[in-house]
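Visitor: Hi, I'm new to this one. Could you show me around?
Guide: Happy to, here it is.

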Amino acid sequence: MSWQLAGASVRGAQHERLGTPAQDALERRLLPNGAILALADGHGSAPATRSDIGAQLAVTVASALLSEIAASDPTPVDPTCLARELVDRWRSAVTSHAATHPLFPFPSSLFPLPSSLFPVYGTTVLAALATESHLLTLQLGDGDLLLVSPLGHVRRAWPRDGRLLGGETTSLCLPDAWREVRFARRALEPDAPALIFLCTDGYSNSFRTERGFLRVGRDILSMVRTHGIQQVERDLAVWLEEASRLGSGDDVTAGVLYRAEAGGK
């Protein structure tokens with residue numbers, strides 16, 4: 001078995017028009033025994049003036065944490081410990097960044113307290129680790145994670161959170177953020193997903209219907225099997241730019257994990 005990766009992140013059409021920075025971040029890693037994809041979507045609101053940095057810190061932290069888990073696979077993972085570790089590491093990274101890049105040119109005695117610091121870097125995070133024996137997925141906040149079977153059947157990793165409507169989302173910056181982390185670990189049985197598709201909400205929000213969005217998983221699996229992961233990698237940014245321009249206008253980031261054995265390539 002070999003896992004293959006593709007991914008792209010594009011600045012949203014609306015951000016282009018307003019001259020504002022992209023808020024999404026993407027990190028991917030090929031490992032000796034698998035692969036990792038991590039995505040994040042900074043809030044971009046008025047209080048979250050460094051959410052683009054917060055998003056980059058989130059994918060870096062998530063990727064590092066999942067790399068450690070992969071190295072110890074198949075040791076069991078405690079969901080609560082994982083959630084706490086993810087949030088604690090992100091907060092530590094935010095604190096370190098703010099210490100070397102002060103928010104204000106004031107003496108350190110006036111440095112903002114963590115309770116007011118973290119929302120400045122507010123972001124979501126979504127990640128997947130695929131090894132030779134397991135698939136591990138985690139999510140905090142909005143975004144989408146689709147599992148596509150070898151036969152092309154598409155389902156979400158977990159039900160949609162009804163609280164995440166409009167611009168509302170859970171976040172790494174919340175006081176009890178670890179309680180909001182969704183986590184799943186699945187053994188790679190013969191009918192395990194052939195493809196995992198992750199994206200920030202700027203992509204799914206560009207579709208008129210849920211059905212249309214879910215069809216993307218099946219279509220990408222077909223494209224990978226027909227043309228190879230390299231062609232999907234080359235085309236992905238074009239698809240995302242079109243989705244933003246014709247749809248949400250938001251930043252759009254997406255990644256693909258493909259289990260080559262399942263597709264016969």
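Predicted model: local features only at pLDDT ≥ 70, side-chain atom pairs only at ≥ 80, totals over all residues.

Guide: Residues are numbered from 1 along each chain as its sequence is written, and side-chain values use heavy atoms, leaving out hydrogens and water.

Visitor: How many residues does H7 have?
Guide: H7 has 18, residues 229-246. Helices (H or I, at least four residues) and strands (E, at least two) are DSSP runs, numbered from the N terminus.

Visitor: Which of its residues are buried?
Guide: Ile229, Val232, Leu236, Leu240, Ala243 and Ser244. Buried means under 20% relative accessible area, exposed over 50%, and partly exposed in between (1.4 Å probe, protein chains only).

Visitor: And what do those pack against?
Guide: Strands E1 (3-10) and E10, plus helices H1 (13-18), H5 (201-204) and H6 (210-227); contact means heavy atoms within 4.5 Å.

Visitor: New topic: is Arg259 buried or exposed?
Guide: Arg259 is buried, because its relative accessible area is 4%. Arg259 is found in strand E10 (residues 252-259), and its side chain reaches the backbone oxygen of Pro193 at 2.9 Å.

Visitor: Where does Pro175 lie?
Guide: In the loop between strand E7 (154-156) and strand E8 (182-187).

Visitor: Why does Pro175 count as exposed?
Guide: Because its relative accessibility is 68%.

Key. Polar contact = N/O pair within 3.5 Å; in protein donor to acceptor, adjacent residues only side chain to side chain. Expected span 1.5 Å × (residues − 1).
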